[in-house]
Amino acid sequence: AATAGAPRGAFILFEGVDRSGKSTQAAKLVEALNAQGTRAELWRFPDRKGTVTGKAIDEYLSATAAAVSSSGTGGTEGGKSGAGLSDQAIHMMFSANRWEKSRALLEALQQGVTLVVDRYAYSGVAYTAAKRVPGCGVAWCKAPDTGLPAPDVTLWMALPPGAAAARGGFGGERYEEAGFQEQVRGVFAEVRDSSFVDVDASGSVEEVHQRASC
Ligand code: ADP
Ligand code: FDM
Ligand code: MG
């Protein structure tokens, strides 16, 4: 139930390239906030479970980079309908996935719960625009997210290119390819806004946690 007069929770977003430590640090921050008595929850996008779009997105992402490039576009791998979605269609799915959760997100904030969110609309724009599909530039990519609840702060996990690669091999999901990751990084730099705060994401998990929680 809503608590009358309770202060609004904060919307804290983690963004960064693959393996910059977003998921690790988001979980640690939630733990620390709850330990100090601040009600906090960990949310992540894409939300693959509690949504209508989640299954298609999961099927799309599970198709490996190798399978995608050998089958070309538009194929339907193994009968999984999400895997062969066009670049435009999957972009809309990712945005719709955020809209599916937007009312619940606002309600949680209103009830005083702080939300620590692992990826959001900046990832949406960065990954699609990085594909350089004609007609799908940054403005096109941003359009479907217009009007979504905005984060109070976006913690940008700043890590030099080689450092993320040194954290172990890619898991085999779509987009997990070094050249593409650099394109993604470039779009993030282009779309960063006044909500962004740089966090030095190098060093130990504990060192980064200290930087991310001040
Ligand atoms: P992301 O969510 O940004 O992809 P993760 O938090 O999943 O990143 O971390 C990617 C990998 O790097 C994981 O294997 C994780 O255990 C490891 N890792 C996370 N933070 C650090 C760190 N500060 N130093 C070394 N390895 C890390
Ligand atoms: N991703 C994530 C997108 O392409 N668009 C989006 O809107 C969002 C939120 O999904 F490759 C991509 C980014 C990444 C994948 O992987 C999700 P993680 O590493 O589990 O967050
Ligand atoms: Mg992650």
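Two strands count as paired if DSSP finds at least two bridges between them, and the strands themselves are DSSP runs (E, at least two residues), just as helices are runs of H or I with at least four residues, all numbered from the N terminus. The legends below use these terms for a predicted model, in which local features need pLDDT of at least 70 and side-chain atom pairs count only at pLDDT 80 or more, while totals for chains, interfaces and linings use all residues. Residues are numbered from 1 along each chain as its sequence is written, and chains are lettered from A and ligands numbered from 1 in the order in which they are written.

**View 1. Strands E4 and E5 run side by side.** Strand E4, residues 153-158, is joined to E5 by five bridges, and the two run parallel.

**View 2. Five strands make an open sheet.** Follow the strands across in the order E2-E3-E1-E4-E5; their pairing is parallel. Strand E2 (40-44) and strand E5 (196-200) each have a single partner strand and stand at the edges, so one side of each has no neighbour in the sheet. On average, neighbouring strands here are turned by 25° against each other, direction ignored (the axes are lines fitted to C-alpha atoms, and angles run from 0 to 180 degrees between N-to-C directions).

**View 3. Residues gather around ligand 1.** Which residues come nearest to ligand 1? Of the 13 around it, they are Gly21, Lys22, Ser23, Thr24 and Arg167 (near means that the C-beta atom, placed from the backbone, lies within 6 Å). Helix H1 (22-35) and helix H9 (205-212) are the elements that give two or more residues to this shell, and H1 gives the most, with three. By type, the shell holds two nonpolar, seven polar and four charged residues (Asp, Glu, Lys and Arg are charged; Ala, Val, Leu, Ile, Met, Phe, Trp, Tyr, Cys and Pro are nonpolar; the others, Gly among them, are polar).

**View 4. Stepping back to the protein as a whole.** Now count the elements: the protein has nine helices and five strands. Its radius of gyration, 17 Å, is close to the 17 Å from the globule rule for 214 residues, so the protein is as compact as a globular protein of that length (the radius is taken over C-alpha atoms, and the rule is 2.2 Å times the number of residues to the power 0.38). Along its principal axes, the C-alpha trace spans about 55 × 40 × 30 Å.
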